[in-house]
Amino acid sequence: MGEPVVVQGTAISQPYNPYEHKAAAPTDQPVAQQPASSSGAGEAQPTKCRDPIFALLLIGNVAAICAVAGIYGTTAFDQNQNTSGENYDGYVVAAFVLGAIAMVFTGFCLPIMMCIPMILIKASLIGMLILSGAMMVVSFLSGSIIGGIFGVVFFLIFACYARAVWSRIPFASVNLLTACTAVKQNCGVIFVAYLYVIVAFGWSILWSIAFVGVYDQVIATVNGENTINYGYYFLLFLSFFFTHQVIQNCTHVTVSGTVGSWWFSPEHSGCCSGGVMGSVIRTLTTSFGSVCFGSLLVAILQATKAVAQAARGEDGGSFLLCIAECILQCLADILEYFNKWAFVYVGLYGYSYIEAGKNVWTLFKNRGWEAIIADDLISNVFFFLSLSVGGVCAGIGYAFNENSFGGIFADAIDTGLSVSTTNAVLGFIIGLVLSSILFSTIGSAVNAVIVCFAEGPAEFEANHPELSRKMRETWLQFYPNCGA
């Protein structure tokens, strides 16, 4: 037997047998061999539905919107159908072409992130510093002294942050490399993410039909007067945000479960492997209630903020409503960030939402700043890459003019801009949205990698020794006693 490898203070004999430990009960989770420990490491849960009442709430929500759209929506759209004779054919064709181009360029970003992760993280950090400096300069040049002063403060804060986290870049870069490797070896999860987006798009259309119908026949006209019923507003916005949060978080849980399978059972990896499909099935069945639970909490805050925003518009910009709106936005952002980590535990172990939250608390108590810094540094990379893809698509879209595609833009709808400019804007939006889908998938994988490294370093060393070596070396740069 070879010399033991020390991973975060744990000696691992070679060869390591990942099946030495057993879960507490039969389960189909990807980490069935992961033991619980006094340090708070997760344990795969028995297979059963978690938080089912919240799944029923979502089903009831979708059914209600379908009914409302059928009762009120069709009439409203029949009354407001387009009779101008203008057509959108040219822009529809351009959208498909630009969408295909965006997906190709986004695909090129994956190997780039795997080849030069450290360079990308450093460049994005410097880029954020340059952007904050540019905003400061623009504020002063435009005569906004107060804005310029705030710009100086934020620039100095960001400069101090960049200096403080610069030494953490190697660890973040290995996290990004590991996440990209996991996604590449389970590329089917990317197609699953795009399917979720299609579902989200369909939900947006359905909800819009219901909203227009309710607004036209219920909200806007009461006793012949134009009024706003904030109760209807709240329920409609709650319905919209609830379902969108569920769809978004289903992607996150699916990716987390897939990364867990790759981490602990790499033999299940593949494009449409058991790791990918098993994670999808768990997300939409046994863990679906937990996803709905966390999503509903965020949706309540978002809906309340939307109502406050509408009320502020009616009230002429009330200062108190503005403060309330800011507080609600901060609370929603904090809860969304918490959910991002909680749903990793849901995807990995099959916890209920409350149990997952307890594990998040343990994670941040043990690893808090390292997890947050690595996540933040990598998010900057995704931001700039999305802007780059959007910029490329905008440039290609600008090349489309009235003569492109056989003159299909000759009688296109008048947008108030030239055909080239409209296509450039369309290309930028499409490139930004489609690239963000892939990068959000990798971002979910990064979060899962951070959690798995905290809880299963032994299995990582056994199944992916080369990546484990790189991550261990960068980790020991900051915590040398962990390898003692």
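I145 has its place in helix α4, helices being DSSP runs of H or I with at least four residues, numbered from the N terminus. The model is a predicted one, in which local features need pLDDT of at least 70 and side-chain atom pairs count only at pLDDT 80 or more, while totals for chains, interfaces and linings use all residues. Residues are numbered from 1 along each chain as its sequence is written, and side-chain values use heavy atoms, with hydrogens and water left out.

**I145 and L57**
- I145 is partly exposed, with a relative accessible area of 49%, where buried means under 20%, exposed over 50% and partly exposed in between (1.4 Å probe, protein chains only).
- L57, which lies in helix α1 (residues 52-79), also counts as partly exposed, at 42% relative accessibility.
- Leaving aside neighbours within four places in sequence, L57 is in contact with F242 and L296, contact meaning heavy atoms within 4.5 Å.
- Although L57 and F242 are 185 residues apart along the chain, their C-alpha atoms are separated by 9.8 Å.

**Aromatic pairs**
- The count comes to 24 aromatic pairs, for which rings of Phe, Tyr and Trp (its six-membered ring) must have centres within 6.5 Å, with planes under 30 degrees apart called stacked, over 60 edge-to-face and the rest tilted.
- F105 and F108 are an edge-to-face pair, because their ring centres lie 6.3 Å apart and their planes stand at 85°.
- Both F105 and F108 belong to helix α2 (residues 89-115), 3 residues apart, or about one turn of the helix.

Note on methods
Helix = DSSP H or I, 4+ residues; strand = E, 2+ residues; numbered from the N terminus.
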